[in-house]
Amino acid sequence: MFVLHGLLSEVAVMSAPLISLHRCCQRVAVLLVARRQWGSSSASPASVVSKSLDFLAQRFYDVEALLNWKSRIGKDQLRKKNFYYGYTHKLYGPDIASAYYILNLGGGFRFVGQSEWFRADSRGKFNWDFLNYKDTPVEEVDMSHTIINYVGLSNLERQPVRTLKLQGCPEVDDWFLAGLHKFQDSLEELDISQCPRITVGGLAALRNLRQLKHLSVSSLPRISSPGLVIILLEEMLPQCQITADGYDLSLPQVGGEKPEEHLEAEG
């Protein structure tokens with residue numbers, strides 16, 4: 001039991017090796033089945049190799065169970081981190097509840113009329129002085145590299161958020177962007193760069209953000225035609241300055257010629 005407990009405690013830091021072992025065991029299981037079929041007609045005694053294959057085939061199911069367990073733990077943590085902070089809302093009001101959610105998720109924020117930013121450190125610790133700002137709404141929010149998702153967005157919807165930074169958030173997707181319409185009368189700056197799950201369909205939902213002045217869509221891996229997408233965003237949000245770094249926006253060459261040379265030839 002002690003060994004099993006120690007093994008489970010190390011799963012979080014061994015995800016990559018476990019996945020490799022899982023794949024290795026899959027291959028071994030296939031080889032074992034093939035070996036048994038090949039040697040079914042002969043009555044040769046089990047060798048060291050076949051015993052090793054039997055052992056690894058049994059371990060395959062143990063590794064698979066550990067990976068499934070780790071996946072369930074991750075989903076459960078994501079759900080708990082993003083649930084609605086209704087109890088805090090009831091005790092302290094919507095502003096403190098929003099602030100506590102942001103800090104508990106590892107983000108940072110600034111209250112309206114204040115210059116000080118409250119942030120969680122690398123260990124998730126933060127200053128509890130934000131409790132002194134009851135009935136003071138949150139104006140700027142930085143949730144970069146956190147696991148905020150669509151469900152957690154409900155903890156911010158009562159705030160007049162003017163700036164929202166979501167750089168590198170793995171759970172920010174098209175459904176999340178559609179939910180930003182709740183801030184259509186206040187949101188002026190939005191950073192969704194490096195979010196791996198955003199597609200063109202999600203960007204189309206940003207048309208509802210009528211007050212948006214600055215938008216960063218840099219390095220979105222699922223955008224296949226960035227040049228066209230940027231043009232469409234500029235037409236959709238004419239009042240907004242769009243930042244789109246990390247893309248190859250050069251015009252395609254025709255027959256190995258430079259674009260300007262091709263245009264001169266047509267003239």
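The following questions and answers concern a predicted model and the criteria behind its description. Local features need pLDDT of at least 70 and side-chain atom pairs pLDDT 80 or more, while totals for chains, interfaces and linings use all residues. Residues are numbered from 1 along each chain as its sequence is written, and side-chain values use heavy atoms, without hydrogens and water.

Q: Why is Arg110 called buried?
A: Buried means under 20% relative accessible area, exposed over 50%, and partly exposed in between (1.4 Å probe, protein chains only). Arg110 has 9% relative accessibility, and therefore counts as buried.

Q: What makes the pair Arg110 and Glu139 a polar contact?
A: A polar contact is a pair of N or O atoms within 3.5 Å; within protein, one must be able to donate a hydrogen and the other to accept it, and residues adjacent in sequence count only if both atoms are side-chain atoms. The side chains of Arg110 and Glu139 are joined at 2.6 Å. The Arg110 side chain also reaches the backbone oxygen of Gln114, at 2.8 Å.

Q: Why is α5 described as largely enclosed by the rest of the structure?
A: Eight of the 11 residues of α5 are buried, so the description applies. Among them are Ile96, Tyr101 and Leu103.

Methods
Helices (H or I, at least four residues) and strands (E, at least two) are DSSP runs, numbered from the N terminus.
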